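Subject: Structure handover

Hello,

Here is the structure I promised you. Please open it next to this email and follow along.

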Amino acid sequence: MSLFRPASVLLAAVLVAATAATDPARAATEPTTLAVDGTVRVVVVDHFGEGAHAEHLHVIETADGAEIPVDLPENAPANARFEGELVVRGEVAADLAEQGLLPRAGSTIDEDTRAGRAAIASAEQQEAPLQVAESTVAPVTAAAVTAPAPHQVYVAVMDNRGTVEETDPQVAAIVQAVTSYWTTESNGAISSFATQGAIKHFSSSAAGTTETSCGMASPGGVWGEAAALFPGVSFATSSRNHLVVAMADECGDGGIAGIASVGVDFSSGGRLSLSMGDIAVQVGVHEVGHTFGLGHANLDTCPSTTVCEYYDLYSPMALAVGGAFKPTALGTSYRTRLGATAAGESAEVTLASGQTYAEQSFSLTPRGGSTGLRGLRVTDPSTGTKYTIDWRNASGRDAGAFYGSAFSFAAPRPTYPTGVVVEREGTSGAIHLMTRSDSAGRAIGSYGAGNVFSPSSLLRVTVGAIGSTSAAVTVRLGLPPIQAGTPTISGSAVVDQTVTAAPGAWEAGTSYAYDWRLDNVPTGVTTASYTIPPAAAGKSLTVSVTGSKTGTTPATRTSAAAAVAAGTFTAGTVSITGSPAVGETLAASTGTWTPTPSFTYAWSVAGYVKGTASTFTVPADADGKPVTLTVTGTRPGYTAKSVAVSTANVTTLPPVRSSTPTISGAVVVGGTVVAEPGSWADGAALTYDWRVGGVSTGVTGRSYDIPATAAGQPLTVVVTGEQAKFADTPKESAASVVQAGAAPAGSVSYVGPTVVDATVTAASAGWPAGTAVSWQWEANGVPVAGATSVTFRIPPALRGAGLRVVGTGTRPGYATTSAASVVRGVLAARIAAKTPRIYGTKKVGKTLKVNVGSWSPRPSYRYQWYANGKKITSKGTKSWFKLTSKQKGKKIKVRVTGRKTGYVTVAKTSSSTRRVAGR
């Protein structure tokens, strides 16, 4: 594996700059690319000195086992599926050009071609990565492997960079301590983890100086030399074989303590390097953890800009601390991820289906022990964040760990006492230690008795008593229910009355929200009081009260239902005004009602209703009888109420001397007519009532302007004479039918190109106000079926026809008129065509295909293939053409002809290919 320190990981900029790389017709200024499918392999470079941090090196491993160094972001997932294109430039481009395999700029090389294989071989040897033009990186999630299987370790010592002070037995003891750790922590998944053969020594020609970490920053060359000491042994990710390269203690002084390839789980093997010295076992355990797919154990937040990564010192995937400190046991998060938890070792704290609150208490045994409940897993319901909880008391497998020792880092770094440890699961296999703060603001890595961890209102972890063998932990998910009361409704449930919700006895500090409902349908009223609307009459009224209080789960309680009663009126004094005489008009007076209703009236004589308006003209048959008025008040939500009063007996008055009126003037829409009343008694006051179709128009003047709505109906005028001591006398003229008015026509035109598939739009001008114009499009004088809109899309069938539009104006009360536009000939349209492109391998026996591009509108296509400009008559008229020996050495092109009804036929010819190669 050729690994290197990448010059840049600004992948986002590369992607933006190269999005056109997928286009087979790239511009000549765009880069040549190599299309590759494979697996992302990652190597983690661990810096454990001042400014501790990690770097990641990447290669793409192809299906053939080739390893191409690439420039990917730090957080690119290990062992993910990669599909994309790499930029070919620099030494790789020069190698291809020297072999005559470099295509034109903007081309894409397939990895399975001769040029692709040459590009991959060259890329494997480069000191600089290939940049990614575009890619899809899909993480692969697999179930943790727990079936027992042996692992093998092969050890090589690099002699020529610094001095490895440890003897081979001492190196073997360090490796044995590392492999024993993982055999124990695997819970049986690693059945054995033995060193194979003798420790090999080598002098590296690829490594750097001790000041530059002896080549550990770019370990590909060192690992290649070490792997060659064990011929026939695969150190691939899936091999379960581990290559350990031991380096001098001085190599770590360069800033890099260890480096390892990143695997998947306990099925993985891989390669790692570590410097010797007093932290070798810690570093070895850490780096083997990477080969099993584990990420780093970090802090939740950084106390400074340089302290964050590696600083969960309760985990072996943290910083290696100088001295003889031992690695801690794997925590619940890592053990769960690797499938290494034993039965009863950990518990998942969850809410049951439909449950909103739960509180459970647990007794944890030490994480370093081998029995009892040693860990909890819990997910915050509000964020979905996953946490694990372990009790670390520096016993059992945690004995000798840095945490809980007499040693501590200087501020602002955290302190690491024994206690309950909470860790958050992150991405790429990492975890984060959740700290608390002491009175001085310094982070503390564990929680003691009485401490609480609560990242949100829905998750609360409380540490109880901590003894010598157990620690009490209570986990609360959700919020406890509030103490709820029973609401009631105070006041009368009557229309237009106001009622009030009494919430009942809730716990102190509760705030309330209200929801008034009728027949269980929300009214939208959310205040404590509610004025009952008329629509509520006869319905069931309830109020729901929702109580809320910080730290509790809100609750909703609903009152008993109350039936809403209709309202009642307080009636006013009803009376009749006017003289009770035949022909006289009586009027109803309702008085003042509470609340104000709508009124209906019934005027009756001898028990028969004669009128229902608020006024009443006394008829002749009422002579000698009283007139009774019944007023009824109604209002939505109220019970109707009626009040009746009567007049004295009706008397009779003689009529006014009168004459039959006539109408003068033209009885036509838009005209003005005048009433001629004739001869009436001296002193009689005359009133006029113009009627159309027997219905009063409301016009009471002597003249009348005839509206369009009167067209075709009979017109009359009623003249009524009024005179003291005489009955009002009406006289109606003879009827005259109103004639339609004349309406002048306007002009019609249309705009838009008279071309097939174009849209033209009709326009009108000069028509009288109020005229509605309808449309009919005509071709060669014949109406086009269905073409009656103001716009018209010209179909191909009308190519060459004369097109016009006819507008017909209609106006109520007036005659219908029409006008037509000028005739314009319909022209053929043109197809917007693209030059076709030929793609496929230009080799005898291969099939070429044509990409016609985007033609608008899409026509029907015909094809003709040519070889050296001559038409291919045999099988040369399809969208594809299989090359035969006849085309060997010739250049191929294709002519595409597009046809579409109503459009001019168009033809486009592709560029010629390079000469066809033989088989």
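First, a definition: helices (H or I, at least four residues) and strands (E, at least two) are DSSP runs, numbered from the N terminus. Two strands pair if DSSP finds at least two bridges between them.

This is a predicted model, in which local features need pLDDT of at least 70, side-chain atom pairs count only at pLDDT 80 or more, and totals for chains, interfaces and linings use all residues. Residues are numbered from 1 along each chain as its sequence is written, and side-chain values use heavy atoms, with hydrogens and water left out.

**Strands 35, 38 and 39**

Start with the hairpin. It is formed by β38 and β39, with six residues between them. Gly637 sits in the turn and has a positive phi of about 85°. Strand β38 covers residues 626–634, and β39 covers residues 641–649. Their pairing is antiparallel, over seven bridges. β38 also pairs with β35 (residues 598–605), again in the antiparallel sense, over eight bridges. Now look at Gly633 in β38. It is the bridge partner of Phe599, and it stands opposite Lys641 in β39.

**The six-stranded sheet**

Next comes an open sheet with mixed pairing. Its six strands run in the order β13-β19-β18-β17-β16-β14. Which strands lie at the edges? They are β13 (297–299) and β14 (346–349), and each pairs on one side only. Neighbouring strands are turned by 30° against each other on average, direction ignored. (Axes are lines fitted to C-alpha atoms, for helices over the stretch in contact, and angles run from 0 to 180 degrees between N-to-C directions.) Within this sheet, β18 (residues 419–425) and β19 (residues 431–433) are antiparallel, with three bridges. Glu423 has Leu433 in β19 as its bridge partner.

**Helix α3**

Buried means under 20% relative accessible area, exposed over 50%, partly exposed in between (1.4 Å probe, protein chains only). Helix α3 spans residues 114–124. Its buried residues are Ala115, Gly116, Ala118, Ala119, Ile120, Ser122 and Ala123. Their cover includes β1 (32–47), β3 (67–71), α2 (90–98), β5 (108–110) and β6 (130–138).

Take Ser122 as an example. Its relative accessible area is 7%, so it counts as buried. Leaving aside neighbours within four places in sequence, Ser122 is in contact (heavy atoms within 4.5 Å) with Glu91, Val92 and Asp95.

**Asp168**

Asp168 lies in helix α4 (residues 168–185). Is Asp168 exposed, partly exposed or buried? It is partly exposed, because its relative accessible area is 28%. With neighbours within four places set aside, Asp168 is in contact with Ile199 and His201. Its side chain makes a polar contact with the side chain of His201, at 2.8 Å. (A polar contact is a pair of N or O atoms within 3.5 Å; within protein, one must be able to donate a hydrogen and the other to accept it, and residues adjacent in sequence count only if both atoms are side-chain atoms.)

**Cavities**

On a 1 Å grid over the protein atoms alone, a cavity is a set of points where a 1.4 Å probe fits but cannot get out; lining residues have an atom within 4 Å of a point. Grid points are joined across faces, edges and corners, and a volume is the space filled by probe spheres set on the points. The structure holds three cavities of 30 Å³ or more. The largest cavity has a volume of about 140 Å³. It is lined by 14 residues, and Gln282, Ser315, Leu319, Lys326 and Pro327 lie nearest its centre.

Best wishes

Terms used
On a 1 Å grid over the protein atoms alone, a cavity is a set of points where a 1.4 Å probe fits but cannot get out, and a pocket is an open set with protein on both sides within 12 Å along at least five of seven lines; lining residues have an atom within 4 Å of a point.
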